[in-house]
Amino acid sequence: MLLLGCIKEVSEYELVISLPNGLSGFVPVTQISDSYSKLLSKQVAQGELLEDLHSLPDMYSPGTLVRCIVTTVEKSADGRRSIKLSIDPKKVNKGLNASALASGMLLSGFVSSVEDHGYLIDIGVTGTHAFLPRQKAQNYIKTVKKGSDLKIGQNLDCVIVEVKNEGRVVSLSIDRSEVAASLATERQNWTLSNLLPGLVVKARVQKVAPLGIKLSFLSSFTGIVDFMHMDPEKSMNYSPEQVMKACILSIHPISKVVRLTLRQAFLHPGGSPNQLSNDRMGAVVEESTVKAFYKQFGAVFEFDDGTLAFARLKHLSKTRKSFKHGAFKAGCKHKCRIIDYSLMDEMCMVSLKHQIIEARFLQYQDIHTGDVVQGKVFALKPIGMQVKVTDRIKGLVPSMHLANVILKQPEKKYNIGDEVRCRVLECNPTGKKLILTLKKSLVQSKLPVLSSYEDAKPGLITHGFVVCAREFGCIVKFYNDVKGLVPKNELSSEPISCPDKVFREGQVVKVMVLKCEPQQERLLLSFRLSSKPGMEDKKECTPKKKQEVKYQIGEMVDVKVLKKKDNGLEVSILEDEGNVIASIPTAHLSDFVANCKILWHCLQEGDVLPRVMCLSDKGEHIILSRKSAVISAVQEEQVVRSFSEIQPGMLLTGYVRNVMPFGVFVEFPFGVTGLAPKVSMSDKFVTDTKDHFVVGQTVIAKVMSIDEEKQRVLLNLKVSECSSGDSAAESFALLNQYFKEMKEIRNLLRKRGESSVAQACLCGLVPGKELQLVMQDVKEDGSALFSGSCVTGLTVTATRYHLGDKTIVPGEKTKALVLHVDALTSKVYVSLREELLKQ
């Protein structure tokens, strides 16, 4: 079966592909193209790295559309289906022959060799030589920014420019504008045997049904658009004989059923579907509204921000018996959790199952080294035991870690399906690698977890396990592969002549750190815990002393509010059992200046704030930040760690440190600071700098110049200069973040609302909501004051302009639309204008 897919993840050995209808498949590294496979074989045979062989992450990026063909569908041990795909042009384009090639056709091609004047492209058609002139590739190379040349094995969308010698020679173009404008036409003589996914066609509506639309295209072909692929903006407005653009999604080889999409992102070849921001994955949505229910498939939901989501039937209730059809009528509201995102459907995949909503872990990113997790035994293998933590997360307990002692026959102790409590030794979300231990002494240990050489402060006492005992001493391992040496003289207060007879591999031991050199990854340890007087006592108070616990800048922590201060919040870091105190300045509660004050006002002692970032750790003073833009910049490595890394032209996210009459000082994560002079502060003329910026405001700054001698950085804050290109997408992302925070504020107010009627009313008001009000009074400036049961305790105002043409007298009832809600002052601004109320 031929399908259009979108790259979801890229690793060294495979591409994970998002397929239509929420499915996923994978392309092994051997299924890219002939020329790439030959280079791989050559490298294996020679045993050394080849210069012209590039890794998959060098050539492929998530979000790229690719044409695939299903090679096999296998069922795994847990009953899940694994779809194996190929993007090799010989398989994808197997329906084409040289005589069928015509100018204007859009094909998948792969670079097979780099020549002086261009590139030879493998389009999978026997007997055809395809050539891409260098000038037809320049625009693409500049835009993609993956080096100055195309690489062997790189996938390209190619448009045929010219066909010579009855299809034996074709000239191609990969120019972005030519590819985007390409349209499959009758002139190109497409047939059902060679039709390809990814082609954009002009289609005519034949029939509109509740579950989809039937289309005709290329004069004689028909295809289906299912409900997930109608344009969400127009889904209810299609009519027979309507003509529109559509993109082919899949072609079934036997039934010849063609499925198409009307979603905007696919109507220009070479485009990319919308992605979901990382912070939303795993998010719990308190109220999602049922938009439509399809009894054989599932339900489509809509979030407050307009985002669409889909839940399969099995995710709508705990069991089939507990499913209630009536709960999924249009308009019904449900709590759900985002469990995945389908790039090909541009839709969040959600679950309403209670156990998934409440689950502590949903993806590998949620698990941290040292976490204690529950799992089920999934398989016993020679290398160890596989444990299923959740349906999507599986881990391995190596043989050495099945118990405190090494088990010769683990199958006598463990059965498939047994519940086990493990501790995470190592977690690598990128490689989906999770290593666990079942050693009781490690699982139950109350001592600090040692997971990096930087954490190994002299005097720290912790648990580890012996991996090697020799005449020179013992090597002890901890979490994240951190290991250290216990020399012979530190093994015991009594001399030990043969350590290998006293200590065994896998033995859990309590050790004290004597010395650590993090740069060299050298760690010196001791088993003599009481060799230094008072060391045990000192260890007891280690967590209490803030300077003993070091946090890396960029590290994410969960915190609990201890105290509200004038300049911010004093919080305790939950990861260290609440013993480490830190502070979040008011200006760092949000990217939005107005929201900072409201959040400070709403948050109370005892509130928990998840995923806050460490901004600086100067001994006893840890400063944290909740600014999403700053956190994203650090996580996506769009930061500079020192002055030497700064380059002119860089776009950096930071926050205003100081506003002076001559300009603005901006600080970036990791402590680098720059100055934006008055002339470079704004696109408008600046009279007073204080009118444009406030201390703590989040900004994106462009580096203008650097003075290495004086260690000075000059910045530009003009909006026209500081956009990374797609300003519309940036603006929508900011708006989205703002509304998300406003929702969080409303939830906080709702929690507090039990004590105050005004706050309870306030959290129910959102811009655009229609209210029934009673006019109370008209002020001198022409504005009016209102009251009503839905706004008890709040000041409700409409300006003269927003009263419209109506003449309303005090005491009269009227409809009004909420324009703005000021949570700090408990003021609500409304409008009575007809044109707004009609919308």
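**Entry 1: rings.** I began with the rule for ring pairs: rings of Phe, Tyr and Trp (its six-membered ring) pair if their centres lie within 6.5 Å, with planes under 30 degrees apart called stacked, over 60 edge-to-face and the rest tilted. I noted that this is a predicted model, where local features need pLDDT of at least 70 and side-chain atom pairs count only at pLDDT 80 or more, while totals for chains, interfaces and linings use all residues. Residues are numbered from 1 along each chain as its sequence is written, and side-chain values use heavy atoms, with hydrogens and water left out.

Which residues do ring pairs link into a cluster? I found Phe227, Tyr294, Phe297 and Phe310. By the pair rule, I got a count of eleven aromatic pairs. One of them is Phe293 with Phe323, which is stacked.

Helices (H or I, at least four residues) and strands (E, at least two) are DSSP runs, numbered from the N terminus. Phe293 is in strand S16 (residues 284–294) and Phe323 is in the loop between strand S18 (308–312) and S19, so the pair ties together parts 30 residues apart in sequence.

Next I checked burial. Buried means under 20% relative accessible area, exposed over 50%, and partly exposed in between (1.4 Å probe, protein chains only). Phe293 is buried at 19%. Phe323 is partly exposed at 25%.

The rings of Phe662 and Phe665 are set at 90° with centres 6.0 Å apart, so this pair is edge-to-face. Phe662 is partly exposed at 44%. Phe665 is also partly exposed, at 27%.

**Entry 2: charges over rings.** The rule here is that NZ of Lys or CZ of Arg is within 6 Å of the ring centre and within 35 degrees of the ring normal. Lys564 lies over the face of Trp600, 4.6 Å from the ring centre. Arg833 lies over the face of Tyr801, at 4.1 Å.

**Entry 3: strands.** Two strands pair if DSSP finds at least two bridges between them. I traced a closed barrel of five strands, S16-S17-S18-S20-S19, with mixed pairing. Within the chain, S19 (residues 333–342) and S20 (residues 347–351) pair antiparallel over five bridges. Asp340 has Met349 in S20 as its bridge partner.

I moved on to S27 (residues 473–477) and S28 (residues 483–487). They run antiparallel, joined by five bridges. Which residue stands opposite Ile475 in S28? Leu485 does. Five residues lie between the strands of this hairpin, where Asn480 takes a positive phi near 55°.

**Entry 4: a helix.** In H11 (residues 628–635), I found Val630, Ile631, Ala633 and Val634 buried. They cover an arc of only 160° around the axis (taken from the directions from the helix axis to the C-beta atoms), so they are on the same side of H11. Glu637 follows H11 and has a positive phi, near 60°.

**Entry 5: a loop residue.** Is Ile808 buried or exposed? Ile808 is buried, at 13% relative accessibility. I located Ile808 in the loop between S43 (795–798) and S44 (813–822). Leaving aside neighbours within four places in sequence, Ile808 is in contact (heavy atoms within 4.5 Å) with Met775, Thr814 and Leu832.
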